[in-house]
Amino acid sequence: MATRAQRITPRTKVILATAAAPAACALLSACGSISSLDTVTDRGRHMTGLYLVTLGVGAVVLLLVTTVLVLALVRYRASAGGSASEVAENVRLEIAWTGATVLVLGAVFALSVGAMRAAAGDPPGEPAPMRIEVVGHQWWWEYRYEGDAPFVAANELHVPIGVPIDLVITSNDVVHSFWVPALGGKADAVPGRTQTLRVQASSAGHFEGTCAEFCGLQHAWMRILVVAESAEDFARWADGQRAPASSPAAGAAAAGAQVFESQTCANCHAIGGSGAAGNVGPDLTHFASRETLGAGVAPNDAKHLGDWIRDPDGLKPGVLMPSFPRLTDQQISDLVAYLQGLK
């Protein structure tokens, strides 16, 4: 008879690991390279500064209170009462302690107000020169770049450094929360409503974030990758995103394009310049330029891509993308070749 440990299936192990991920993140205070102290925006620096100041003040107060408590226990441990001079001394100490507490709390309050004003961003009516609509889905992110030549991306948010950007955040299904510590601030994505989060990256780099509101089985694998880059690099990337996908001339990639359009893939995903115009899943026009699959669940390489096409539920249990068990190994290989050419 199988033991309980032997009856645990691989799928159950993946689900248990996924469910344990948020708890592990909370215990370690960071998920991988995600840290709430590493910020590249003025808002984030104000919030980090306030946190460090209050942490320092709290540590000093804890040390003082502990020291006074120990001294009092040692000095007055056998005293049944006190003289008039001792009582007067205690009163003076209580007044001084109360006054010091008021001063410390007043200073922390003033710092908090300053941080709150910085976190609020620019007042309404003064839109940023760049707007990006951020849409949360179970379990991936869609980015709609507005402007004269709009385009759509997924899971990787590219931003130019030094440019104020309004992230207009909403949801397509349930409540999510957009949180990238390096950008400072966090905003919930609520169906039917929008919230605007203003960000301005001051340095280039790759910054990780995640959904911070429990939104279902794969909440832990609804990751965010922000790429902050120079204005020139961003312009080149944006021009590439606006261009249609290149059509494969022949070979495995051309065969993969036929498989893609003949299956339900074309009903769920859009590929610019082709007949695929679905809007259920992420836009795949420049899929190969992205670093990960499934909003961060696996690297975007040939092996994981083949596994993802064959059985996405095996990599990300509960994902809405259906499995394709009837596809042959050759068809999957052709699909991989086609998708890896979408750069």
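A salt bridge is a side-chain nitrogen of Lys or Arg within 4 Å of a carboxyl oxygen of Asp or Glu. The model is predicted: local features need pLDDT of at least 70, side-chain atom pairs count only at pLDDT 80 or more, and totals for chains, interfaces and linings use all residues. Residues are numbered from 1 along each chain as its sequence is written, and side-chain values use heavy atoms, with hydrogens and water left out.

**View A. A salt-bridge network includes Lys303 and Asp307.** Lys303, Asp307, Arg310 and Asp329 are linked in this network. The Asp307 and Lys303 side chains meet at 3.1 Å, N to O. Both sit in helix α7 (residues 302-310), 4 residues apart, so about one helical turn separates them. Helices are DSSP runs of H or I with at least four residues, strands are runs of E with at least two, and both are numbered from the N terminus. Lys303 is exposed at 57% relative accessibility; Asp307 is partly exposed at 28%. Here buried means under 20% relative accessible area, exposed over 50%, and partly exposed in between (1.4 Å probe, protein chains only).

**View B. Asp233 and Arg236 pair within helix α4.** Their closest N and O atoms are 2.2 Å apart. The two residues lie 3 apart in α4 (residues 231-242), about one turn of the helix. Asp233 is partly exposed, at 33%. Arg236 is exposed, at 56%.

**View C. Glu133 and Arg144 form a salt bridge.** The N to O distance is 3.6 Å. The pair links distant parts of the chain, 11 residues apart: Glu133 is in strand β1, Arg144 in strand β2 (residues 140-145). Arg144 is partly exposed, with a relative accessible area of 34%. The structure holds 9 salt bridges.

**View D. Six residues make a nonpolar surface patch.** Val60, Val61, Leu64, Val65, Trp97 and Val104 cover about 470 Å². Patch residues have over 30% relative accessible area and no salt bridge, with nonpolar side chains (Val, Leu, Ile, Met, Phe, Trp, Tyr) joined within 5 Å. Areas come from the Shrake-Rupley method with a 1.4 Å probe. Helix α2 (42-75) and helix α3 (84-120) each supply at least two residues. The largest share, 4 residues, comes from α2. Val104 is in α3 and is partly exposed at 32%.

**View E. His137 is buried in strand β1.** The strand spans residues 130-137. His137 has a relative accessible area of 6%. Val175 is 38 residues away in sequence, yet 9.1 Å away in space, C-alpha to C-alpha.

Definitions and conventions: Patches are made of residues with over 30% relative accessible area and no salt bridge: like charges are joined within 9 Å, nonpolar side chains (Val, Leu, Ile, Met, Phe, Trp, Tyr) within 5 Å.
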